[in-house]
Amino acid sequence: MKLYYFPPSPNTRKAHAVAIHLGLSIDLRLVDLQQGEQRTPEFMRLNPTGRTPVLQDGEFILWESTAIMQYLASQMPNALWPDVPQIRADIMRWQSWQLAHWHQACQPLQYENFVKPLLQLGEPDAQVVQQATERFHTEAIVLDQHLAERAFLVNNTLTLADFSVASDLTYAVPGRFPLDNYPHIRRWYGQLEQLPAWQETAPRS
Ligand SMILES: N[C@@H](CCC(=O)N[C@@H](CS)C(=O)NCC(=O)O)C(=O)O
């Protein structure tokens with residue numbers, strides 16, 4: 001299987017971490033987003049949305065990181081994606097929340113506080129940061145309360161849900177995410193950071 005990837009991307013990280021954690025043999029193909037390689041005709045044939053990651057397994061081509069995670073984890077029986085309908089639905093619940101709500105809360109802080117200064121795109125917009133901070137707290141309270149009673153998001157063990165939700169915390173420090181009042185999120189994310197799959201997919205500075 002080939003994974004077309006861009007290592008600094010949290011969406012790439014979700015899929016790549018699952019492959020590493022499960023010991024899957026993956027042929028990594030770099031798509032350099034900074035060079036615009038996601039817009040080449042060759043890549044657009046793989047993914048007409050022009051985004052990474054993309055998985056290719058023979059003739060089968062799959063884009064969208066969550067679908068890729070599930071496909072990778074379906075290659076063998078494992079605890080990340082157990083073949084139990086209720087557990088899979090629970091994992092999907094958190095993966096859906098991550099895409100629809102958590103990512104939307106984290107991404108503006110990442111962009112304003114980290115990406116803009118990094119790429120010299122100007123100062124953070126104070127109004128955007130304030131709105132994003134409010135949105136962040138709305139979602140972080142839910143996550144923190146859930147984790148107060150559990151080591152992991154689902155089934156009391158590491159699952160795809162953890163990798164999905166954790167991906168948005170990849171740049172929590174440089175993005176100045178206001179995590180001080182969320183001890184359970186910090187404890188949970190600290191566990192993720194101990195995993196070889198999370199360490200190996202951490203962005204290189
Ligand atoms: N919903 C997609 C989002 C993918 C995405 O936005 N990827 C970014 C990198 S994090 C990308 O390739 N951006 C390139 C561009 O927008 O030109 C997924 O989960 O795979």
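Which residues does Asn 113 touch, not counting residues up to four places away in sequence? In this predicted model, the answer is Pro 124, Val 129, Pro 174, Gly 175 and Arg 176. Asn 113 has its place in helix 4, which covers residues 85-118. With a relative accessibility of 9%, Asn 113 counts as buried, because the cut-off for that label is under 20%.

Let's move on to helix 6, residues 160-167. Here 8 of the 8 residues are buried, so this helix is largely enclosed by the rest of the structure.

Leaving aside neighbours within four places in sequence, Phe 163 is in contact with Lys 14, Ala 17, Val 18, His 21, Met 69, Leu 80, Leu 158, Leu 192, Leu 195, Ala 197 and Trp 198.

Together with Trp 188, Phe 163 has the most contacts inside the largest nonpolar core, a set of 50 residues. Elements giving two or more residues to this core include strand 1 (2-5), helix 1 and helix 6, while helix 4 gives the most, with 7 residues. The core also draws at least three residues from each of domain 1 (2-73) and domain 2 (85-200). Apart from it lies another core, of 5 residues, among them Tyr 4, Val 31, Phe 43 and Val 54.

Technical notes:
Residues numbered from 1 in each chain as written. Predicted model: local features only at pLDDT ≥ 70, side-chain atom pairs only at ≥ 80, totals over all residues. Heavy atoms only, no water. Helix = DSSP H or I, 4+ residues; strand = E, 2+ residues; numbered from the N terminus. Buried < 20%, exposed > 50% of the residue type's maximum accessible area, 1.4 Å probe, protein only. Contact = heavy atoms within 4.5 Å. Core = buried A, V, L, I, M, F, W, Y, C linked by side-chain atoms within 4.5 Å. Domains from an automatic or database assignment.
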